[in-house]
Amino acid sequence: MHTATEFRLEARPRLPEALERLDTLANDLFYSWDHGVRSLFARIDLRLWQKVEHNPKLFLRRVAQARLDQASEDRAFLAEYRRVLSAYDAYLESQPGTEVLEALNPEDSLVAYFCAEFGFHESFPIYSGGLGILAGDHCKAASDLGLPFVAVGLLYQQGYFIQTIDAQGHQIARYQCHSSDELPITPVEVDDKALTISVPFPGREVHARVWLARVGHISLYLLDTNTAENTDEDRELTLQLYGGDSATRISQEMLLGIGGTRVLAALGVQPTVWHINEGHAAFQILERCRMAMAEGLSFGAALESVAGCTLFTTHTPVPAGHDIFPRDLVEHFLSPFLDHSGLEFDAVFGLGSKNGDQSFNMTSLGLRGSRFHNGVSRIHGGVAARMEGDIWPQIPAAENPLGYITNGVHVPTFLAPEWASLFDIQAPTWKSELRNPTFWQFIDKIPDYHYWSVHKALKQQMAEFIVRRLKRQHKRNGTGHSVTERMARKLVSPENDALVVGFARRFATYKRATLIFSDLPRLERLLTNPEQPVVLVFAGKAHPQDKPGQQLIKVIHDLSMQTNLMGHIILLEDYDQAMARRLLSGVDVWLNTPEYPKEASGTSGEKAAVNGALNLSVLDGWWGEGYDETNGWAITPRDIELDVEFRNREEARDLLDLLEQEVIPLYYNRASQGYSQGWVTRSKASMKTITPRFNAQRMVMDYVRNYYQPATRQGARLRDNNAALAQELAEWKARVHEAWNGVSIHMDGCVSDRCHWDESVELKVSVALNGLAPDDVRVECLVEPECTGTHTGPGPDAFVLEASGEKDGKTLFKTRIQPPYPGLQTLRLRIYPHHKALTHPLEMGAMLWA
């Protein structure tokens, strides 16, 4: 018997003239954060909108002509269509505020932002998790603020995997190809020809097409190797995000860094600031050095010129999160590029070498090839400064150049439309007040019953969403209908209104998804109390190669299927942005239990908080700054020097204590009005304290003030006069490096150990400069009080010692200081290289103490 061959035919509709700008809206990622745009498509055909997973371009290909024709004659729909278009046009016509214009004038400034993934919306699957969502939010906020800004990434045909969980709790990874005409992108053309660039690889050139994704005011350029000029193997370089082996990964990173830089050059785009978001894009440093050397600069001067206007952001305190390649692999892949660049392999390898071993660390390359660097929370900034301290080997970690900016979330994307509508009534200017904490006190004026009714409505929507997903999941796995009913009963039972706790994130072991199960009998008693039931909702993916992470998923699945826990533990598959928006706006409590200090920032809790959910989290990442004792609950991490099992046990006990003694009683302490006033008070505190401090506009403006503006100025200084200052700085650094091992500093005589408060003390040191000039160094005395309560500054007081002659072939430096504090104080003297062109005074990594 022969089976018939199936052919696919798609009959596409024509847009009625009255609705022709739906195509414009579908091709601008503005839709990813504007509820009004998305609602237009949903109104035309809700079932199709859900079936195409909220993808506007695919929707317009599949929707019935009759539906479009009907909408084009529907007066109510047309009125809403015109309102949405008016808001869209007004957004595009809006101008940057004074604060932006004064810091980064679009006439002469431009930020180029490179990242391996961008998470704008579930319809554009070129992201895997937190890094991508953060990059998407950064771009959205840059658009909102009107920043001169361009982004560069890769276009993955399959993106990250689609997750299913089978009947035994095993994660199944499935990949799906996405054609370019169903994504919000258009091909980039130069002189009416499609733009392609090439990057030299061993034995061949790899070509990449360039696509443009519009993101409101800004442009995102994406490289795609699935083009006829390439071999089948090279066409698959941009197939999957974080797929393949080390050879695939280094190839993708060469394409992103080197190829992405060539895209901007081909378009005539000239950034004044380059932001490398994680190490995947750090090869851009080499390409930019090559371009500078082609203009006649030495490698040293080119590196200074490039690094002076470059910011590197590191996102992970977990060593496995950093790309590290063996020396021979790097040499093999980079040799064709280096052969025609003027760059020498040993010099390049030195930029990425960590601790002098034979491996190449992309984070090290990013740090050595930039002069501005940051972690993504206060805690992570300190962890990263210690972790990467070998870049500046003689500098105390607390003083090295690696700072921090705490991540924030794009509020219009993650704030539920119901809350946005309420804010429009209560405080119509809220969208322009996102960085004003005082303004957000208006939350307290919302009547408690009104506030709670919004939360209840969102919780009901979440429950319906979860039930739909469970039914789909169970039907595919052959799970009985009765199991689905029992699983959902606590969620859909309005008289119970069970407390819902959400945990949704990547299933990496350090995130400790199963910490809450450490004392299962006690947890079961808490969850199944008939008077005060609790439901735990879990979702998240484990990397296809992360077997321990996949085992966590199976543990949770197996517990969720136990008869005594069924309906109190729910595991959802294929966590994406659509699911995130439902969970974040509907849960009562957002749970996060990372192993301290491995949570770099973690932004899901911020998204939950702007929707009024209460965080119950380890004091790590952003929560270390966000928690104020009124806006959630905190688990204090135990000393990291203690045994891991002991730490887990103690922190798990704290978690269950908080649930039993504070969270559950507060939620169920209901008066006659049917809700807990104490809960609403705490929920309001969460929303009003976290929204203005942890949003993406605040984050991006911190980048503007702390990094983009200074990098623009420093880059211009170093480039002026054919990069004369960069050349001078490079030569000076080479001279200092050569001499530093022979430099020494010693006290000259004794320091008085007592004086009266109004007297001064002379300090004198003798320095062997080993051929350096006195102006090449700075000698300082740091003074700190023994009793810290007498000091309120950010660090010790510093007094500079001046050169004052020579003695026995050494240079004397001295000063007189009057004790800045009463009582006992500590004096320490040090020397480090100093030059007017340094971006950070301690960037040389060299320092000696007397």
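Here is a chat about a predicted model, taken one feature at a time.

Me: Let's start with the open sheet that contains S17; in what order do its strands sit?
Reply: This sheet has 6 strands, and the pairing is parallel. Its edges are S19 (569-572) and S22 (632-635), each pairing on one side only. From one strand to the next, the twist averages 20 degrees. Reading across, the order is S19-S18-S17-S20-S21-S22.

Me: Which residue of S19 stands opposite Leu536?
Reply: Look at strand S18, residues 534-539, which runs parallel to S19 and is joined to it by 4 bridges. The residue standing opposite Leu536 there is Ile569.

Me: Over in strand S12, which residue is the bridge partner of Ile276?
Reply: S12 covers residues 310-313, with Thr310 and Phe312 pointing one way, Leu311 and Thr313 the other way, and all of them buried. Strand S11 (residues 273-277) pairs with S12 in the parallel sense over 4 bridges. The bridge partner of Ile276 in S12 is Phe312.

Me: How many residues of helix H2 are buried?
Reply: H2 spans residues 35-44 and is mostly covered. The buried ones include Val37, Leu40 and Phe41. They pack against several helices, among them H1 (22-26), H6 (75-93) and H23 (577-586).

Me: Where does Lys459 find its salt-bridge partner, and which residue is that?
Reply: Lys459 sits in helix H19 and its partner in the loop between H23 and S20, so the pair ties together parts that are 129 residues apart in sequence. Both residues are buried. The closest N and O atoms are 2.6 Å apart, and the partner is Asp588.

Me: How many salt bridges does the structure hold?
Reply: One of them brings the side chains of Arg12 and Glu10 together at 2.6 Å, N to O. Arg12 is partly exposed at 46%, and Glu10 is partly exposed at 27%. The structure's total is 52.

Me: What sort of peptide bond leads from Tyr596 to Pro597?
Reply: Most peptide bonds are trans. Pro597 is in the loop between strand S20 (589-592) and helix H24 (604-610). The bond from Tyr596 has omega near 0 degrees, making it cis.

Me: What is the phi of Arg512?
Reply: Most residues other than glycine have a negative phi. Arg512 lies in the loop between S17 and helix H21 (520-527), and is buried, with a relative accessible area of 7%. Though not a glycine, Arg512 has a positive phi of about 50 degrees.

Me: Which loop holds Asn770?
Reply: Asn770 isn't a glycine, yet its phi is positive, about 50 degrees. At 43% relative accessibility, Asn770 counts as partly exposed. Its loop runs between strand S24 (761-768) and strand S25 (777-785).

Me: What is the area of the nonpolar surface patch made by Met747, Val751 and Leu827?
Reply: Met747 lies in strand S23 (residues 744-747). Met747 counts as partly exposed, at 31% relative accessibility. Together with Val751 and Leu827, Met747 makes a patch of about 190 Å².

Conventions
Residues numbered from 1 in each chain as written. Predicted model: local features only at pLDDT ≥ 70, side-chain atom pairs only at ≥ 80, totals over all residues. Heavy atoms only, no water. Pairing = 2+ DSSP bridges. Helix = DSSP H or I, 4+ residues; strand = E, 2+ residues; numbered from the N terminus. Axes fitted to C-alpha atoms, helices over the stretch in contact; angles between N-to-C directions. Buried < 20%, exposed > 50% of the residue type's maximum accessible area, 1.4 Å probe, protein only. Patch = residues over 30% accessible without salt bridge, like charges linked within 9 Å, V, L, I, M, F, W, Y side chains within 5 Å. Areas by Shrake-Rupley, 256 points an atom, 1.4 Å probe, with all protein chains shown as cover. Salt bridge = Lys/Arg side-chain N within 4 Å of Asp/Glu carboxyl O. Contact = heavy atoms within 4.5 Å.
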